[in-house]
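This report describes the pockets, helix packing and local backbone features of one model. Please read it alongside the sequence and the coordinates.

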Amino acid sequence: MADPLLDDVGALLKEAAAKVVVPLFRRLDAADISEKAPGEVVTVADREAEALISEGLRQLLPGSVVVGEEAVAEDPDLLRHLRGSGDVWLVDPVDGTSNFAAGRRPFALMAALLTDGAPVASWVYDPLDGTMAAGRLGAGTRLDGATLRTPQAEPRVGALRGTAATKFLPPDFRRRVEEGGRRIGELLPGQHCAGREYLDILTGAQQFVLFWRTLPWDHTPGALLVREAGGVARRFDGADYHPTDEGTGLLVAASPEVWDEVSAALLGG
């Protein structure tokens, strides 16, 4: 069944990728890259793509508010809209900016729609391989237009493949995860692009991913998509992830059973 909003926002992300992001990939000058916080870079592509996407989203839903990653960097008070009423867009114009700035893949464009504070639709687009995931609350997830479910087979922890993004983990916690990773079939170091990690769960390339930092534009889109495909996105204590949470730690898995197995192995849960 056609869903005009899913199609229109997907087309907007593809337009931003084609007009702004991909043409600048591996073509950035030093002046096109700056540091917005210690260890965090931003590029002209981030800013220009966010402007294009934000304008398009406002046109699609007149009266809606856009909370973009780069706009929040300039005005953190924008985050208050996530707890408000009405329609609010979350936008990550280039997820994986450190990869993009260094001329590496992957990177992604992401958006999510919240209505009265609840995520109701989301999109993740990898422009280099053309993969687009989109979904609505209660209506499932589409991968390149086809409805999908993540594999629900009974998991064996020694056969699981997934990622532990350890960069921001506290040292003691990192050691616990690395030790527990010996029980996992294959524990990967992470791709520095949350959007691609979520896509890899949807495609079956991996069964889980563990994060420490949980900024709303990084995880709201992918969390909804994984849930709608049959998976889970939960805090380490088992609570479902929500974009207004202020805690740290997130374990995303292709099924509740996989979450239980990986939590026991990596977190001692």
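## The second largest pocket

The second largest pocket has a volume of about 400 Å³, where a pocket is an open set of points on a 1 Å grid over the protein atoms alone, reached by a 1.4 Å probe and with protein on both sides within 12 Å along at least five of seven lines, and lining residues have an atom within 4 Å of a point. The volume is the space filled by probe spheres set on the points, which are joined across faces, edges and corners. The model is predicted, and local features need pLDDT of at least 70 while side-chain atom pairs count only at pLDDT 80 or more, although totals for chains, interfaces and linings use all residues. Residues are numbered from 1 along each chain as its sequence is written, and side-chain values use heavy atoms, with hydrogens and water left out.

Among the 21 residues that line the second largest pocket, L79, T214, L215, P216 and W217 lie nearest its centre. At least two lining residues come from each of strand 1 (33-37), helix 3 (69-74) and helix 7, these elements being DSSP runs numbered from the N terminus, with helices (H or I) of at least four residues and strands (E) of at least two. Helix 3 gives the most, with three residues. By class, the lining of the second largest pocket holds nine nonpolar, four polar and eight charged residues (nonpolar: Ala, Val, Leu, Ile, Met, Phe, Trp, Tyr, Cys and Pro; charged: Asp, Glu, Lys and Arg; polar: the others, Gly among them).

## The largest pocket

Two or more lining residues are given by each of strand 2 (40-43), strand 4 (87-95), helix 4 (97-101), helix 6 and helix 7. The lining of the largest pocket divides into twelve nonpolar, nine polar and nine charged residues.

## Helix packing

The axes of helix 6 (residues 194-203) and helix 7 (residues 216-228) come within 9 Å and cross at roughly 5 degrees, the axes being lines fitted to C-alpha atoms over the stretch in contact and the angles running from 0 to 180 degrees between N-to-C directions. That angle makes helix 6 roughly parallel to helix 7 (under 35 degrees; over 145 is roughly antiparallel). In this packing, A194, Y198, I201 and L202 of helix 6 meet D218, H219, G222, A223, L225 and V226 of helix 7, with contact meaning heavy atoms within 4.5 Å. This contact has seven nonpolar, two polar and one charged residues.

Helix 1 (residues 4-24) and helix 2 (residues 44-60) pack with their axes 9 Å apart and at an angle of about 160 degrees, and they are therefore roughly antiparallel to each other. Residues on the helix 1 side include L12, A16 and V20, while those on the helix 2 side include A45, L52 and I53. By class, the contact between helix 1 and helix 2 comprises 14 nonpolar, one polar and four charged residues.

## Local features in loops

T166 is found in the loop between strand 10 (161-164) and helix 5 (171-180). Leaving aside neighbours within four places in sequence, T166 is in contact with R174 and P189. T166 and L210, 44 residues apart in sequence, are 8.3 Å apart in space from C-alpha to C-alpha.

R105 and P106 are joined by a cis peptide bond with omega of about 10 degrees, and P106 lies in the loop between helix 4 and strand 5 (108-115). R26, in the loop between helix 1 and strand 1, has phi near 65 degrees, a positive value in a residue other than glycine.

Conventions:
Parallel < 35°, antiparallel > 145°, perpendicular 65-115°, else oblique.
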